[in-house]
Structures are given as structure tokens and as C-alpha cells.
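Open the model in your viewer and keep the selection tool ready.

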Amino acid sequence: MGINVIDTIVAPATNISTQAIALIRISGDDAFKIFNQIASKPVPHKGGIYLRKLYEQDQLVDEVVVNAYVAPRSFTGENVIEIACHGGVLNTNRIIKLILNNGARMALKGEFSQRSFLNNKINLIQAEGINDLIHATNDLALKIGVDNMSGAHNKAILDLKARVMDIISRIQVLIDYPEYDDVEGSSNQELIDALININILVNNLLTRSQMASKSIEGIKTAIVGKTNVGKSSLLNALISEDKAIVTDVHGTTRDIVEGVINLSGVTLNLIDTAGIRQTKDVVELIGIKKSKDYLNQAELVLFVVDYQQLNDLENIEIFNLLKNKNYILIVNKADQLNDQQQNEIIQKHPDAIFTSALKDDINQLINKIKEKYNNDELLKSDELILININQINLIEQIKLKLETALNNINNYLPVDIINIDLYDAWGLLGELTGEQIEDEIIDNIFRKYCLGK
Ligand SMILES: Nc1nc2c(ncn2[C@@H]2O[C@H](COP(=O)(O)OP(=O)(O)OP(=O)(O)O)[C@@H](O)[C@H]2O)c(=O)[nH]1
Ligand SMILES: [Mg+2]
């Protein structure tokens, strides 16, 4: 069962806080009727902007500006009244309560977008785009959100659907009219070629989407190294915050400290770990064990060393742990090194980069990370990119169905079997845009949105 879309709903579209103006949105058949019950003078049943006083019985509540939209010409496709009222917490809540008392129901999270979708104002990719836009934490997420919200790439999915349907119908002709075995475009080779082309498109979509999704969700990054080399200082410099405790005592960090850094095309989820060294301190040992666990789990390791002990036994042990890992070797405390010392290091470790966490000099590191996760292509891409887990799951399933179809056709399986997988792929494409999708799934998708959205 889907949500009840007959009710007229209300919700704040801005945070409820002390602010100049708050926005309250009413949507549904009775939007005008309900508003007019509390307004000094009715808002006429036509679009426009109106200044009105609101009353509770005879008592003045607020003076507000109203944006009125008549169905279907609104975001939700329903009658909509948007009230810009004065933004105090008490005031906003009082007006919402007044509207509730006059017959509206509180909207569920994301219900405005859901109604917009159900009324065919936007498709699911656009709805997800709006949500991505609101929650964007880096430029890439923002770009994808805007693109998808605007429907700029809807055509990509429609085009894929059309291509799959085209093959389905060519095969259907072969099934229905076996005597016409020379229908144009229906030879085995022609069907195979067409399918290969679709597979390439779907593969590219999946690769782009997975890369973008990973860069937005965040790369699991562990800051690892011996004690006192400046790991915690580096975390603080990266996130521009004094989050981790820094002292000149070896073994300062015992438990992990987390931080996030958003670069334009990539987000890193950072973990500062306890320095690795020989110790008898039980608490510290637990911390060191954790450090090694995080090192193993990390997708990127920032391996911090200082010049003096670069090649000692403990660092060699860490180098060994990093053998098959993606890591950056960071020589910190570079402010204490002269050019000759830096050159010596570069000769032995050409990939080493130099930082001074103390002086906030971490440019080399930032550039290295940007280089590693170069998402310029994605940032400039004018192709469809999808970043939500459920969307990426769907693309993976579509890919599998299309690959099965291609294998089957290559192995000369009967054409009606091939069409089963193609139909599945076509249906799954429809789920991406929300055409073929169950009410309950729709409900789940929209409940993760903000209230008032
Ligand atoms: N000169 C200089 N000192 C630094 C630099 N980075 C950190 N330090 C100092 O080195 C000492 C240790 O720094 P931390 O950041 O606590 O080192 P850590 O690697 O987290 O140490 P543990 O938590 O004990 O493993 C502190 O006194 C810092 O001020 C740097 O770039 N240059
Ligand atoms: Mg530390």
C-alpha cells in the first residue's frame, strides 16, 4: 500500500529556528480552502503572490506573504500554498498547528517530492537528484544532483529502454513469424552487434556511477605511522580543526579519531590511529592492534614518517604491511629538513611527499590526493551519473541481464529465451525512472528525504 495522496498536507520547508523568514508549504485539493479559513481575506483560486494577515479566531497571528499555485501547475502537481511567515520557532509552529487544526495533515518526509513523482511532474531520477543536491557534500555530488534534478539526462535511460525494446521487437517478429527469417536487422550477427553496443553503454554508466558514488560517499582513509611523527597534527591540518589531541609525548593517541575532508571531486573519511611502536602498556597495545586493523581495512593509507627514523625496523614493518595497499608516503616535519635531506629521501623514495603539519603546509598532500582521485572527467561529464546504492544495484542487475542475453544469443539458444532476459532488463530500466515500480519501494525511497521536501 502506498501513502494516502488524497489528504492535503503541510510541512515547514525551512528549518524551524530563529530566522527572518520561514516557509510553510501546503499541498492538496484543499490547500486554498484551508488557508482561507485562517486568512483575513481569501486568496483567489489562481496563481500569484498575496499579502495576508492570519488569524486564530479573532486574534492576529502573523502577517505573511503567500505564493499560490493552482493544480496542475505546481511542484507537486496539486494546489499549493506556500506561506512565507516570520521565522520564530514559536510563530512557525503556531501557524503549522493552525493549518493542521483546519484540516491538513502533517506531511511525511519527502512527501511533496513523492506527490510530484506520482503526478508525473518528475521521474525518480529527478527526485533522487533533488535529494542528492540537498545533501551534497562536495562539488561532484552537487553537479550530479543539479544535472539529475533538471532531468538533463533522462534521455539516456529512455534511449537505453528504446534500444532494448527494439531488439525485443525484432526477436518477437522472429517468434511470431518464423517464416520471415530474413527480416531486416534480425540476423544473429545484427542482434549480437546491437546488444554489444547496449552493453557498452550500460557498462560505462555503471563505471562512472560507481566511481562517483565512491568519491562522494568517501574513501576510507587511515593515517598510520610510528608515534610522535605528527599523525594527529596532520589530521587536524587536513580538517582545519583541533580535533585530535597533539602532544610531544609518544603514544598520545590511544583510540581512533575520525574526520572528514571534502575536496572538490572527492571526500576522504579519515581515521587517525595510535602510533605503532613496541610497548608494554596494555591500553596502548590495544590501540596499536586497532591501528593495524584500520590499516588493513583502509582504501587509502596515509603513511606518516619523520626523516630521522624513516628506515628503522618499525617503519620497515609498516612498509611490509602496506605491500599490497594503496598508500601515500608522507615525510612530515619537513620544516626541520634542508634541501639536501629532502633530496636524499626523494632518491630512495621517489613517491614521498613532504608536509609540515605544524605549519599547515599540506599542499603537496592535497595535490597528491587530487591526482590519485582525479575526477575532473566526472566533474565535467555531460552524461548520466547515478550515485545512490539502489540505483547502482539496479544498473548492476541490468548489466547482468544484458550479459546473459548476449551469452545466450552467442550460444544459439532459442530466441524466446533471449527475450526473457531482455524483458527483465527493460523492466529494470523502468525501475530506475520509476515507471515500473511498486508502491512500497516508492514509499521507502521518499522517506529518506527531508521533511518539507
Ligand atoms: N616541527 C614540527 N613538529 C611537528 C609537526 N607535526 C607535528 N609536530 C609535533 O610533533 C609532536 C607529535 O605530534 P602528534 O601529532 O601528536 O603526533 P602523532 O603521530 O599523532 O603521535 P602519537 O599519537 O603519539 O602516535 C607534537 O609536539 C607536534 O607539535 C611538523 O610538521 N613539524
Ligand atoms: Mg596522535
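Select Lys220, Thr221, Ala222, Ile271, Tyr294, Gln297 and Ala298: they line the largest cavity. On a 1 Å grid over the protein atoms alone, a cavity is a set of points where a 1.4 Å probe fits but cannot get out, and lining residues have an atom within 4 Å of a point. This is a predicted model, in which local features need pLDDT of at least 70, side-chain atom pairs count only at pLDDT 80 or more, and totals for chains, interfaces and linings use all residues. Residues are numbered from 1 along each chain as its sequence is written, chains are lettered from A and ligands numbered from 1 in the order in which they are written, and side-chain values use heavy atoms, without hydrogens and water.

How big is the largest cavity? Its volume is about 30 Å³, counted as the space filled by probe spheres set on grid points joined across faces, edges and corners.

Now colour the lining by type.

Next, select strand 7 (219–225) and helix 9 (282–297). Each supplies at least two lining residues. Strand 7 gives the most, with 3. Helices (H or I, at least four residues) and strands (E, at least two) are DSSP runs, numbered from the N terminus.

Finally, colour domain 1 (9–118), domain 2 (154–214 + 381–434) and domain 3 (222–356). These bounds come from an automatic or database domain assignment. The centres of domain 1 and domain 2, over C-alpha atoms, are 45 Å apart.

Definitions and conventions. 1 Å grid on protein atoms, 1.4 Å probe; cavity = no way out; pocket = protein on both sides within 12 Å on 5 of 7 lines; lining within 4 Å.
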